[in-house]
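Please take a moment with the sequence and the structure shown here before reading on.

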Amino acid sequence: MNMPGKPDTPLLDISNLAVRFRVPSRRGALFADSTDVKAVNGVTFSMSRGETLGLVGESGCGKSTTGRAILQLLRPTGGRVVFDDEPIHEFWKKKGQKWVWDHRLLDLRRRMQMIFQDPFASLNPRMTVETILSEPLRNFDVVQGSEQREKIQHLLMTVGMDPRCMRRYPHEFSGGQRQRIGIARALALGPDFIVADEPISALDVSIQAQIMNLLSELRENLGLTLLFIAHDLAAIRHVSDRIAVMYLGRIVELADAQTIVDRPQHPYTQALLSAVPIPDPTREQSRRRTVLSGEMPSPINPPSGCPFHTRCPLSEERCRRDVPRMRTIETGHQVACHLVE
């Protein structure tokens, strides 16, 4: 059951979130110099209770790292993460050379869960479904004995699976069924907030819609707050209340889903939408596409100024020189672009 909170405050508030990794400058060198990889660089947004926010962008832009840093599976190297008025980025302490969780973060773990991208890699192949789903229940001492079995059966029915399959192993299921098991595991502790890290990218197209519909139903029935990470803007717009577009570790545009689809302002968002096919042959042939040249720069050595200027067909001198700040151009619509007035 979700815990009560203040309805007038966001459930999640992120400000200038940063995650950097230290990596050797020269691979294989004995005394190699190290450099920073700016995986996430100044991400800011908030989420209301019961909202679904879609986080979309190319592979390598920092989406998954953002999700893991929010849940504190990765320790942020900068910024703030406030969950239900709790500054959870402060719930770390240094023990020797390592950073470890404070007990306060462990207490909040049951309220924040994750659905992983690969439903096969995230499930232990040596465990039955019953053991997989009972693990979080045991760790947090939720239910035991016969009540535990009833809880597991209820979780399986909630995600549309036959409870009689609980003695089977992950390899005995299809990809869509394995993802449903992963969703059931995320629901086991009755969380308030779930990060769904590209939960449909490893599935057949025919199964993707079923999983998205399931997540939408669960959000509505259970009052979940959902961060839906994906690289497919065509899919994510159908399940999201708002969409944040990410590029090279930064949010470049944020608005409600319909506004992003109807009135995209950032050239990168426009390029993503132009790649989405339209189920109308006449409109599909006549519409103008935005084709991006080159690949996304490396986060080890990001370009100066606007991170998108190396691929932007409209870039100017100031784009190469100055980093655009996030500006509100209309209520609820924010864009980081010098060219948007």
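This is a predicted model: local features need pLDDT of at least 70, side-chain atom pairs count only at pLDDT 80 or more; totals for chains, interfaces and linings use all residues.

Residues are numbered from 1 along each chain as its sequence is written, and side-chain values use heavy atoms, with hydrogens and water left out.

Helices (H or I, at least four residues) and strands (E, at least two) are DSSP runs, numbered from the N terminus. Helix H1 covers residues 63-70, and because six of its eight residues are buried, it is largely enclosed by the rest of the structure; buried means under 20% relative accessible area, calculated with a 1.4 Å probe on protein chains only. The buried residues are Lys63, Thr65, Thr66, Gly67, Ala69 and Ile70, and just after H1, glutamine 72 takes a positive phi of about 65°.

Two packed helices are described by the angle between their axes and the distance between the axes. Axes here are lines fitted to C-alpha atoms, for helices over the stretch in contact, and angles run from 0 to 180 degrees between N-to-C directions. The axes of helix H3 (residues 129-139) and helix H4 (residues 145-158) come within 10 Å and cross at roughly 115°, and H3 and H4 are therefore roughly perpendicular to each other, a description that applies to angles of 65 to 115 degrees. Their contact (heavy atoms within 4.5 Å) involves residues including Leu133 and Leu137 of H3 and Ile152 and Leu156 of H4.

In the second pair, the axes of helix H5 (residues 175-187) and helix H6 (residues 205-222) also come within 10 Å, crossing at roughly 20°. That angle makes H5 roughly parallel to H6, the term used for angles under 35 degrees. Among the residues that meet are Ile183 and Leu187 in H5 and Leu214 and Leu218 in H6.

Eight strands form an open sheet of mixed pairing, in the order S8-S9-S10-S3-S11-S12-S14-S13, where two strands pair if DSSP finds at least two bridges between them. The edge strands, each pairing on one side only, are S8 (112-115) and S13 (327-330), and the twist averages 20° from one strand to the next. Within the sheet, S11 (residues 242-247) and S12 (residues 250-256) run antiparallel and are joined by six bridges, with tyrosine 247 standing opposite arginine 250 in S12. Helix H5 packs on the sheet, where it touches S8 and S9 (193-197), and its direction makes about 175° with that of S8. Helix H9 (residues 267-274) packs on the sheet as well, touching S11 and S12, and its direction makes about 105° with that of S11.

Note on methods. Buried means under 20% relative accessible area, exposed over 50%, partly exposed in between (1.4 Å probe, protein chains only). Angles under 35 degrees count as roughly parallel, over 145 as roughly antiparallel, 65 to 115 as roughly perpendicular and the rest as oblique.
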